[in-house]
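Colleague: I would like to go through this entry feature by feature. Please give the general idea where there is one, then the case at hand.

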Amino acid sequence: TVDSCLSVISQAYIDACSTSEAKYTKDTPSAKLLYVNEVNRYKEGVRHYYDTIQSLPKLDQHEMDSYLTQASRVSEISATYTNVTNVMNNVALYYFHSDSALYELLKCCAQYSPELCLALNDEGLADQARSFQDVTAALSLK
């Protein structure tokens, strides 16, 4: 099905963005083995991307404050518009759906809920782990 094909492709991207090295054995699902070469190539691209970001000049606090103030103003302005077309024409670069982004981020995190909760507990953050579990359960993300 299309869903299973997309699942295989998304897993390849997840593996490519992972910091851990995948170990392939005879028990590795064939779906993972399909994209081994691509995953290694993408992983190198991801490394290069973050190396490039790391090499960029650091922003000073004043620049960051200025940018966030401007983005906040644009967000306030966009909230006054009722016509989405006008919003997109006037503030297309700054229009951001934070609720949708947060939901998508939580969906992604929910996939790794056991690992995240274990890591939080290992760091002495048991309350945060319970809160995370409560949020994912409340949103039916598991």
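Colleague: Of the contacts in the chain with a separation of 6 or more, what percentage is accounted for by residues 24 or more positions apart?

Modeller: The share is 44%. Keep in mind that this is a predicted model.

Colleague: How many helices and how many strands does the secondary structure come to?

Modeller: There are eight helices and zero strands. Along the sequence the pattern reads α-α-α-α-α-α-α-α.

Colleague: Which element has the lowest mean pLDDT, and which the highest?

Modeller: Helix 5, residues 84-91, has the lowest, at 51. The highest belongs to helix 3, residues 36-55, at 88. For the chain as a whole the mean is 76, with 80% of the residues at 70 or more.

Colleague: Where does pLDDT stay under 50?

Modeller: That happens over residues 91-95. The model still has nine contacts beyond four places in sequence for this stretch.

Colleague: What percentage of the residues counts as buried?

Modeller: The figure is 14% of the 142 residues. The accessible surface of the chain is about 11400 Å², and carbon and sulfur atoms hold 57% of that area.

Colleague: How is a pair of aromatic rings described?

Modeller: One gives the distance of the centres and the angle of the planes. A search of the whole structure turns up two aromatic pairs.

Colleague: Why is the pair of tyrosine 13 and tyrosine 42 classed as it is?

Modeller: Their ring centres are 5.4 Å apart and the planes meet at 15°. Planes under 30 degrees apart count as stacked, so this pair is stacked.

Colleague: Which parts does that pair tie together?

Modeller: Tyrosine 13 is in helix 1, residues 2-17, and tyrosine 42 is in helix 3, so the pair links parts that are 29 residues apart in sequence.

Colleague: What is the relative accessible area of tyrosine 13, and what is that of tyrosine 42?

Modeller: Tyrosine 13 has 45% and is partly exposed. Tyrosine 42 is also partly exposed, with 34%.

Colleague: Why is the pair of tyrosine 49 and tyrosine 50 not called stacked but given another label?

Modeller: The ring centres of tyrosine 49 and tyrosine 50 are 5.1 Å apart, with the planes at 80°. An angle over 60 counts as edge-to-face, so that is the label here.

Colleague: Is tyrosine 50 buried or exposed?

Modeller: Tyrosine 50 is exposed, with a relative accessible area of 52%. Tyrosine 49 has 49% and is partly exposed, because exposed requires over 50%.

How values were computed. Residues numbered from 1 in each chain as written. Predicted model: local features only at pLDDT ≥ 70, side-chain atom pairs only at ≥ 80, totals over all residues. Heavy atoms only, no water. pLDDT = per-residue confidence, 0-100. Helix = DSSP H or I, 4+ residues; strand = E, 2+ residues; numbered from the N terminus. Contact = heavy atoms within 4.5 Å. Buried < 20%, exposed > 50% of the residue type's maximum accessible area, 1.4 Å probe, protein only. Areas by Shrake-Rupley, 256 points an atom, 1.4 Å probe, with all protein chains shown as cover. Phe/Tyr/Trp six-rings, centres within 6.5 Å; stacked < 30°, edge-to-face > 60°.
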